[in-house]
Amino acid sequence: MEEALKGAGLSASAIGRVVMVGGPTRMLVVLKFVESFVGRKIEGASTPWECVALGAAVQAGVLSQDVKDVPAARRHAPHAGH
């Protein structure tokens, strides 16, 4: 997580919301580790497939260089604020 934050030019305190989706994220030890790292409670996704699809769409935009500002891309995503 430190490497991902460093690459994004962010700190853990800059993260306003964490939604975890998938098998290992259901493990209590994983949830507690991430909560302690970011200093806040983790949210469960009500629609995991939408979270995965949104992440894949943003990543595709970044890789194709159509998206240069991920926070801006999230503002325009239909589920970014939910």
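This is a guided tour of a predicted model, moving from the whole chain to single residues.

**Before you start**

Residues are numbered from 1 along each chain as its sequence is written, and the side-chain values use heavy atoms, with hydrogens and water left out. Because the model is predicted, local features need pLDDT of at least 70 and side-chain atom pairs count only at pLDDT 80 or more, while totals for chains, interfaces and linings use all residues.

**The whole chain**

Begin with a cartoon view, in which the protein has four helices and two strands; from the N terminus on, these elements run α-β-α-β-α-α. Helices (H or I, at least four residues) and strands (E, at least two) are DSSP runs, numbered from the N terminus. Of the 82 residues, 18% count as buried, where buried means under 20% relative accessible area, exposed means over 50%, and partly exposed lies in between (1.4 Å probe, protein chains only). Contact here means heavy atoms within 4.5 Å, and among the contacts with a separation of 6 or more, 50% come from residues 24 or more positions apart.

**First stop: helix H1**

Select residues 2–8, which form helix H1, and pick out leucine 5 within it. Leucine 5 is buried, with a relative accessible area of 12%. Leaving out residues up to four places away in sequence, leucine 5 touches Leu10, Ser11, Ala12, Ile15 and Phe37. If you draw a distance from leucine 5 to isoleucine 15, which are 10 residues apart along the chain, their C-alpha atoms are separated by 9.4 Å.

**Second stop: helix H2 and its two faces**

Next select residues 28–38, helix H2, where Val34, Glu35 and Val38 are buried. The buried residues of H2 pack against strand S1, residues 19–20. Just after the helix, glycine 39 takes a positive phi of about 75 degrees.

Show the side chains of Val18, Met20, Val34, Val38 and Ile42, the five residues of the largest nonpolar core. A nonpolar core is a set of buried Ala, Val, Leu, Ile, Met, Phe, Trp, Tyr and Cys residues joined through side-chain atoms within 4.5 Å. In soluble globular proteins, nonpolar side chains tend to be buried together. Centre the view on valine 34, which is in contact with Met1, Val18, Met20 and Ile42 when its neighbours within four places in sequence are left aside.

From here move to lysine 41, in the loop between H2 and strand S2 (43–44), which counts as exposed at 62% relative accessibility. With the same exclusion of residues up to four places away, lysine 41 touches Lys32 and Glu35. The C-alpha atoms of lysine 41 and arginine 17, 24 residues apart along the chain, are separated by 8.5 Å.

Select residues 48–63, helix H3, whose 16 residues reach 22 Å from the first C-alpha to the last, close to the 22 Å expected at 1.5 Å a residue; the expected span is 1.5 Å times one less than the number of residues. In the loop between H3 and helix H4 (70–76) you come to serine 64, which is partly exposed at 41% relative accessibility. The side chain of serine 64 makes a polar contact with the side chain of aspartate 66 (3.1 Å). A polar contact is a pair of N or O atoms within 3.5 Å; within protein, one must be able to donate a hydrogen and the other to accept it, and residues adjacent in sequence count only if both atoms are side-chain atoms.

End on glutamine 65, also in the loop between H3 and H4, which has a positive phi of about 65 degrees although it is not a glycine. Glutamine 65 is exposed, with a relative accessible area of 57%.
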